[in-house]
Amino acid sequence: MCYAIPGKVVSVDNKTVTVDYFGELRKAHIIDTMVQPREYVYAQGGIVVGKISENEALPILETWKDHFFELKKIDAGLSILDKVSFPILKKVETLTKNEMLTLLAVEDKSELDSFYHTANKIRKERLDNACCVHGILEFSNYCSNNCLYCGINCSNKSIERYRMSEKEILDAVDYAVQLGFKALVLQSGEDLYYTDGMLVNIVKKIRKKHGILLFMSIGERSKDSYKKLYEAGAYGALLRFETGNSKLYTHLRPGKKLEDRLQLICELNNIGFVIATGFLIGLPNQTKKDIINDILLTKSLQPDMYSFGPLIPHPATPLTSVPKPTLDDILKVIALTRIVDPEAKILVTTALETLSFDAKEKGLMAGGNSLMINITPQKFKKSYDLYPGKVIDEPLEETVKKTVGLLHSLGRAPTDLGV
Ligand code: SAH
């Protein structure tokens, strides 16, 4: 669990530290930051990503002190569950596939409410109110793939292609860190213009300057390439398998094989990467059974974070006329995932926000406990056109302010973003 407020190291046991956050003890792994008891650290995704001096930590903790407990009270108040109207909702982690299908088929408003409330209560009981907020920097929209669902696939000649220079990437990262982000994702299409060496340099420069958890989301590269990036200091990887239905996968990702993608995810896990993975919901010919298999497949990959979201049909792709999933279609998957894997970090994705203005709030109240904010500079944002309907004109500071406000109103500790 990533409490990205400074925590005080209580003990160090080989490569594991125990960190105290106002009396709550959490564990984190040491990779490249040597720490001693009584030092203050930042931990993200279960990894110590940086140290902070006592002089700097104490004033931050002072501002957090009362706030920390106040937020927990708000969350507890919003998580009260009077009664569970649905018998199968009493079963956590032991649902059969048929029961999962029943839950995905719920339409009745009061049944849906109990379903979401139950998931939210499980989130509260198991993980309390911490909410990770990661920033995503889309540094290139060049892509050598031709995925049928994706607006930046190589066949789309109608978008302006861009590549951010090293300096542009470093500046955008500096700005995000200045705003309080402690975990960032560097994402691009599959773009071999950026050699391993170039990416390693960028990662090293970022990690030398900032105590943050860095995720790479650059698609399929060799295990060796990823290993170099890990050694350079990028300890996270975001790589969805998109769909666990291999027939559908091959159809939607011409020339690609599901087993290769899954194998890569396993290899990244073995290297030690913090893994975020998941799938798309609303693909043509995808059944409810496929979705349940996808939740279970994600779970079997032992991710640090579930990242699944709606397919938003892009007008310049062959899937343009596929109907968009509804907000409830996605909320049901969030809630079911929470029940199937109670201690999961479940991301409320940026794509979900295109379905409804209050999607972030609804997702967080249906079992979600992580958010992603787009930190791509304004001038590139509109060209990273994976799907239509992205918010592109809101200044980043404004988005951060709104998000922190939302999290406070829900009693969640937006601990990646400071107070
Ligand atoms: N090259 C990287 C990043 C791909 S884009 C990789 O291969 O992992 C990031 C994610 O956007 C994809 O994994 C896909 O799940 C999602 N995506 C692409 N097109 C989309 C669409 N039309 N609607 C919603 N999500 C989409």
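Buried means under 20% relative accessible area, exposed means over 50%, and partly exposed lies in between (1.4 Å probe, protein chains only). Keep that scale in mind for the tour.

This is a predicted model, in which local features need pLDDT of at least 70, side-chain atom pairs count only at pLDDT 80 or more, and totals for chains, interfaces and linings use all residues. Residues are numbered from 1 along each chain as its sequence is written, and side-chain values use heavy atoms, with hydrogens and water left out.

**Stop 1: the domains**

Colour residues 7-74 as domain 1 and 121-409 as domain 2. These bounds come from an automatic or database domain assignment. The C-alpha centres of domain 1 and domain 2 are 27 Å apart. Now look at where the domains meet. There, 14 residues of domain 1 are in contact with 16 residues of domain 2. Contact means heavy atoms within 4.5 Å.

**Stop 2: the cores**

Select Leu186, Tyr226 and Leu336. Of the 124 residues in the largest nonpolar core, Leu186, Tyr226 and Leu336 touch the most other members. A nonpolar core is a set of buried Ala, Val, Leu, Ile, Met, Phe, Trp, Tyr and Cys residues joined through side-chain atoms within 4.5 Å. Which helix gives the most to this core? Helix α10 (residues 327-340) does, with 9 residues. Helices (H or I, at least four residues) and strands (E, at least two) are DSSP runs, numbered from the N terminus. Domain 1 (7-74) and domain 2 (121-409) each supply at least three residues to this core.

Next, show Ala28, Ala43, Phe68 and Ala413. They are among the 15 residues of a second, separate core.

**Stop 3**

Go back to Leu336. Setting aside neighbours within four places in sequence, Leu336 is in contact with Leu95, Met100, Leu103, Leu104, Phe115, Ile292 and Ile295.

Now display helix α2 (residues 97-104) together with α10. Two packed helices are described by the angle between their axes and the distance between the axes. The axes of α2 and α10 come within 10 Å and cross at roughly 150°. That angle makes α2 roughly antiparallel to α10. Angles under 35 degrees count as roughly parallel, over 145 as roughly antiparallel, 65 to 115 as roughly perpendicular and the rest as oblique. Axes are lines fitted to C-alpha atoms, for helices over the stretch in contact, and angles run from 0 to 180 degrees between N-to-C directions.

Show the side chains here. Met100, Leu103 and Leu104 of α2 make the contact with Lys332, Val333, Leu336 and Val340 of α10. The crossing of α2 past α10 is right-handed. A crossing is left-handed if the near helix is turned anticlockwise from the far one by less than a right angle, and right-handed if clockwise.

**Stop 4: α2 and α9**

The axes of α2 and α9 come within 10 Å and cross at roughly 115°. This crossing of α2 and α9 is right-handed. On α2, the contact uses Lys97, Met100, Leu101 and Leu104; on α9, it uses Lys288, Lys289, Ile291, Ile292, Asn293 and Leu296.

**Stop 5: α4 and α5**

Select helix α4 (residues 166-178) and helix α5 (residues 196-209), which pack at about 30° with their axes 11 Å apart. That makes α4 roughly parallel to α5. The α4 and α5 crossing is right-handed. Glu166, Ile169, Leu170, Val173 and Asp174 of α4 meet Asn201, Ile202, Lys205, Ile206 and Lys209 of α5.

**Stop 6: Met164**

Step to Met164, in the loop between β6 (132-140) and α4. Is Met164 buried or exposed? Met164 is buried, with a relative accessible area of 1%. Not counting residues up to four places away in sequence, Met164 touches Leu137, Glu138, Phe139, Ile169, Ala172, Tyr194, Pro377 and Phe380. Check the C-alpha atoms of Met164 and Leu137: they are separated by 10 Å, with the two residues 27 apart along the chain.

**Stop 7**

Most residues other than glycine have a negative phi, and most peptide bonds are trans.

- Asp128 is not a glycine, yet has a positive phi of about 65°. Asp128 sits in the loop between α3 (109-127) and β6, and counts as buried at 16% relative accessibility.
- Gln302 is not a glycine either, and has a positive phi of about 50°.
- Lys90 lies in the loop between α1 (54-78) and α2. Lys90 counts as exposed at 62% relative accessibility. Lys90 and Thr118 are 8.6 Å apart in space, C-alpha to C-alpha, and 28 residues apart in sequence.
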